[in-house]
Amino acid sequence: MVRVRVPASIANFGPGFDCIGTAVNLYNFIEMEFSDIPKIEVSGEGKGKISLGEDNLVYRAASTILKKVNIEKKLYIRLKNEIPLARGLGSSAACIAGGMIAANLLLGSPFSREEIINFATEMEGHPDNVVAAILGGFTISVKVNDRVLYKKLSMPPDLKFVVAIPEFELKTERARQVIPKNVSLEDAVFNIGRIALLVAGISERDLSVLQVATQDVLHQPYRMSLVPGLEEILEKAPKMGMLGCFLSGAGPSVVGVVLEEKSKETGEFMVGVFKEKGIKSQYVILESCNDGTIIT
Ligand SMILES: Nc1ncnc2c1ncn2[C@@H]1O[C@H](COP(=O)(O)OP(=O)(O)O)[C@@H](O)[C@H]1O
Ligand SMILES: N[C@@H](CCOP(=O)(O)O)C(=O)O
């Protein structure tokens, strides 16, 4: 039997659509062993909702690895989930990364970490969440044909990520449909500069750039129609003393980047805005997780 812990991830981090992600300290735990019949048990998030069949995402990710080495065996998988589903905290990436890494361990690790990153990216469709979930920290990932080229930085340790999590689910697939296929040169330049500033700011520990460096015009404006309250939160965030504010992944959760003393106020503010829109939400105060998927 193998047991892994895989972190949630905040993808995009403002301007880094499909290429930047950061792992945070909210986890799913996956236990896996070979079995005569396929069996899945779930506790925590998604219990009663998640499929217990072979179409379960963790099962599918693990099976992908078994198939690559022509192993036909069935699996018994126990899932203990802390990551809420379809809220923009990388639940699907955690299933794919964790399922693949656990299966690779069960097989005696025939695949390298690089290979797992490539397989996981292929299954998820974009590398930002899976790379952060596998490696931890703040990650920059670029797809080059079938491979992913990546860099990992560590987050300044004093940053808190206050995440307001609405009660409603927003599937990433749906949130991707509203983004236009083409962008203007002006918008591309807006994001390119901010991504560069963000990466430099994180590596130099210069928090003063975050306000501007977390702005985005490539995905957030289009997703506002799916997340009532997002526009108001982003507009008021600087006045509220947030260092940065953006949609978590594809949403609907919203992240306020703050220093500890602003955490509670930030969470209550965001939950208040959602409430005004008739949306129930709760907030959690998270920290960066520099470990990726680990054996526990
Ligand atoms: N712990 C889990 N076990 C099995 N499937 C899961 C789990 N968590 C998420 N999923 C699958 O992933 C889907 C959500 O993925 P996605 O829309 O990408 O949202 P997220 O932003 O949370 O990654 C769920 O509807 C479910 O099918
Ligand atoms: N770059 C993707 C990230 C999706 O993250 P998730 O946590 O919502 O799955 C996107 O913005 O579509």
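Figure 1. Setting aside residues up to four places away in sequence, Ala-93 touches Ser-9, Glu-124, Asn-129, Val-130 and Ala-133, where contact requires C-beta atoms, placed from the backbone, within 7 Å of each other. This is a predicted model, in which local features need pLDDT of at least 70, side-chain atom pairs count only at pLDDT 80 or more, and totals for chains, interfaces and linings use all residues. Residues are numbered from 1 along each chain as its sequence is written, while chains are lettered from A and ligands numbered from 1 in the order in which they are written. Ala-93 lies in helix α2; helices (H or I, at least four residues) and strands (E, at least two) are DSSP runs numbered from the N terminus. Ala-93 counts as buried because 33 C-beta neighbours lie inside 10 Å, the classes being buried for 20 or more other C-beta atoms within 10 Å of the residue's own, exposed for 12 or fewer, and partly exposed in between, with C-beta atoms placed from the backbone.

**Figure 2. The annotated binding site and Ala-86.** A UniProt annotation "binding site", from an unreviewed entry, covers Pro-84, Leu-85, Ala-86, Arg-87, Gly-88, Leu-89, Gly-90, Ser-91, Ser-92, Ala-93 and Ala-94; UniProt positions are given in the numbering used here, feature names are shortened, and annotations may be inferred rather than shown by experiment. Within this annotated set, Ala-86 is placed in the loop between β4 and α2. Ala-86 counts as buried because it has 20 C-beta neighbours inside 10 Å, and, not counting residues up to four places away in sequence, it touches Ser-91, Glu-169, Leu-170 and Lys-171.

**Figure 3. Helix α4 and its packing partners.** Helix α4 (residues 127-135) has 9 of its 9 residues buried, so it is largely enclosed by the rest of the structure. The buried residues of α4 pack against β1 (2-11), β2 (20-35), α2, α3 (113-124), β5 (138-144) and β6 (147-153). Just after α4, Gly-136 takes a positive phi of about 75°.

**Figure 4. The shell around ligand 1.** Of the 22 residues around ligand 1, Leu-57, Ser-91, Ser-92, Lys-171 and Thr-172 come nearest, a residue being near a molecule if its C-beta atom, placed from the backbone, lies within 6 Å of it. At least two residues of this shell come from each of α1 (57-68), β4 (74-81) and α2 (91-106), and α2 gives the most, with 4 residues. By class, the shell around ligand 1 has 10 nonpolar, 10 polar and 2 charged residues, where Ala, Val, Leu, Ile, Met, Phe, Trp, Tyr, Cys and Pro count as nonpolar, Asp, Glu, Lys and Arg as charged, and the others, Gly among them, as polar. Domain 1 (2-154) and domain 2 (159-286) each contribute at least three residues to the shell around ligand 1, the domain bounds coming from an automatic or database domain assignment.

**Figure 5. The shell around ligand 2.** Among the 17 residues around ligand 2, those that come nearest are Ala-11, Gly-88, Thr-172, Gly-249 and Ala-250. Helices α4 and α5 (172-177) each supply at least two residues of this shell, with α5 giving the most, 3 residues. The shell around ligand 2 divides into 5 nonpolar, 9 polar and 3 charged residues. Ligand 2's shell receives residues from both domain 1 (2-154) and domain 2 (159-286), so it lies between them.

**Figure 6. The largest nonpolar core.** Of the 82 residues in the largest nonpolar core, Ala-62, Ala-97 and Met-100 touch the most other members; such a core is a set of buried Ala, Val, Leu, Ile, Met, Phe, Trp, Tyr and Cys residues joined through C-beta atoms within 7 Å. Helix α2 gives the most to this core, with 9 residues. Both domain 1 (2-154) and domain 2 (159-286) give residues to this core, so it lies between them. Leaving aside neighbours within four places in sequence, Ala-62 is in contact with Met-32, Leu-75, Gly-99, Met-100, Ala-102 and Ala-103.

**Figure 7. The boundary between the two domains.** The C-alpha centres of domain 1 and domain 2 lie 24 Å apart, and 23 residues of domain 1 are in contact with 29 residues of domain 2. On the side of domain 1 that touches domain 2, β1, β2 and β5 each supply at least two residues, and the largest share, 3 residues, comes from β2. The residues of that side divide into 14 nonpolar, 8 polar and 1 charged.

Notes
Contact = placed C-beta atoms within 7 Å.
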